[in-house]
Amino acid sequence: MIRLNNVHKSYGTGSNSLHVLKGINLEIEEGGFVSIMGSSGSGKSTLLNILGILDNYDEGSYYLNGMLVKEMSEKKAAQLRNEMLGFVFQSFNLISFKNAMENVALPLYYQGVSRKKRNKIAHEYLDKLGLLSWAEHMPNELSGGQKQRVAIARSLITQPKIIVADEPTGALDTSTSYEVMEILKEINEDGITVVIVTHEHDIAAMTRQIIRLKDGIISEIIKNGDLKQWKHQYSKELEIA
Ligand SMILES: Nc1ncnc2c1ncn2[C@@H]1O[C@H](COP(=O)(O)OP(=O)(O)OP(=O)(O)O)[C@@H](O)[C@H]1O
């Protein structure tokens with residue numbers, strides 16, 4: 001589903017240039033539940049933005065569903081983004097002057113779906129996320145967890161194949177973070193590939209594969225069965241630190 005071969009990305013030019021990704025090789029299978037970890041500035045968001053076709057890369061290749069992302073026209077890239085991808089952000093990115101239902105329905109507005117139809121579908125997704133009674137509420141009347149659930153409902157309304165989430169629990173307290181991760185897990189169990197960026201080990205451990213970025217390359221890929229061992233090793237590292 002996702003395949004990156006030797007992907008490089010730099011910001012700036014000349015002496016101001018910053019080489020952030022220095023040859024990323026990565027495969028994510030359909031139905032994967034993956035977290036990207038790494039220290040601040042290691043390039044996690046840069047990588048996620050490339051995966052989500054929100055940003056370009058400089059060298060290498062990125063195949064999404066067998067299609068080379070780089071050689072696409074902007075129109076084709078936008079189409080692929082709209083058809084394949086749903087986005088969730090740390091700061092929810094809800095529109096403050098629209099209520100929960102209107103926020104969820106927004107992607108369908110851009111697809112030209114009639115108001116009646118998009119509101120009906122938005123209600124279905126709010127219901128799925130347990131937010132039906134909050135449909136008419138404005139974002140500032142919702143808790144952080146509710147806002148993130150609205151954002152997740154909005155990301156799902158176009159029926160994407162992949163959800164990319166940049167620090168989806170970064171603005172939430174611990175128990176709400178786990179609730180949001182449980183929702184992402186259920187979404188994944190419905191067959192949607194989920195890729196998140198997080199710096200929290202407990203959150204990463206809820207996914208099935210952890211990709212660690214260091215010095216612009218993938219330093220480690222920890223798979224399902226090894227997570228327990230990894231958590232044990234990590235807690236020992238913490239003790240030493
Ligand atoms: N648009 C940009 N222009 C210039 N430099 C950028 C840009 N975006 C990111 N960078 C730089 O690239 C590096 C990697 O940034 P990125 O946001 O991908 O890291 P990150 O691992 O997600 O960090 P954090 O955990 O702090 O969010 C950082 O040094 C950052 O300052």
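**View 1. How much of the protein is buried.** In this predicted model, 38% of the protein's 241 residues count as buried. The chain folds into eight helices and ten strands. With a radius of gyration of 18 Å, close to the 18 Å that the globule rule gives for 241 residues, the protein is as compact as a globular protein of that length. Its C-alpha trace spans about 50 × 45 × 35 Å along the principal axes.

View 2. Taking contacts between residues at least 6 apart in sequence, 67% join residues at least 24 apart.

**View 3. The largest nonpolar core.** In soluble globular proteins, nonpolar side chains tend to be buried together. The largest nonpolar core here has 62 residues, of which Val-104, Leu-126, Ala-153, Val-164 and Val-195 touch the most other members.

**View 4. A closer look at Val-164.** Leaving aside residues up to four places away in sequence, Val-164 touches Leu-48, Leu-51, Gly-52, Leu-85, Phe-87 and Val-195. Two names return from the core view: Val-164 and Val-195 are among the residues there that touch the most other members.

**View 5. The shell around the ligand.** Which of the 13 residues around the ligand come nearest? They are Tyr-11, Ser-40, Lys-44, Ser-45 and Thr-46. Strand E2 (18-28) and helix H1 (44-51) are the elements that give two or more residues to this shell, and H1 provides the largest share, three residues. By type, the shell holds nine polar residues, three nonpolar and one charged.

Terms used: Residues are numbered from 1 along each chain as its sequence is written. This is a predicted model: local features need pLDDT of at least 70, side-chain atom pairs count only at pLDDT 80 or more; totals for chains, interfaces and linings use all residues. A residue is near a molecule or strand if its C-beta atom, placed from the backbone, lies within 6 Å of it. Helices (H or I, at least four residues) and strands (E, at least two) are DSSP runs, numbered from the N terminus. Ala, Val, Leu, Ile, Met, Phe, Trp, Tyr, Cys and Pro count as nonpolar, Asp, Glu, Lys and Arg as charged, and the others, Gly among them, as polar. The radius of gyration is taken over C-alpha atoms; the globule rule is 2.2 Å times the number of residues to the power 0.38. A residue is buried if 20 or more other C-beta atoms lie within 10 Å of its own, exposed if 12 or fewer, and partly exposed in between; C-beta atoms are placed from the backbone. Two residues are in contact if their C-beta atoms, placed from the backbone, lie within 7 Å. A nonpolar core is a set of buried Ala, Val, Leu, Ile, Met, Phe, Trp, Tyr and Cys residues joined through C-beta atoms within 7 Å.
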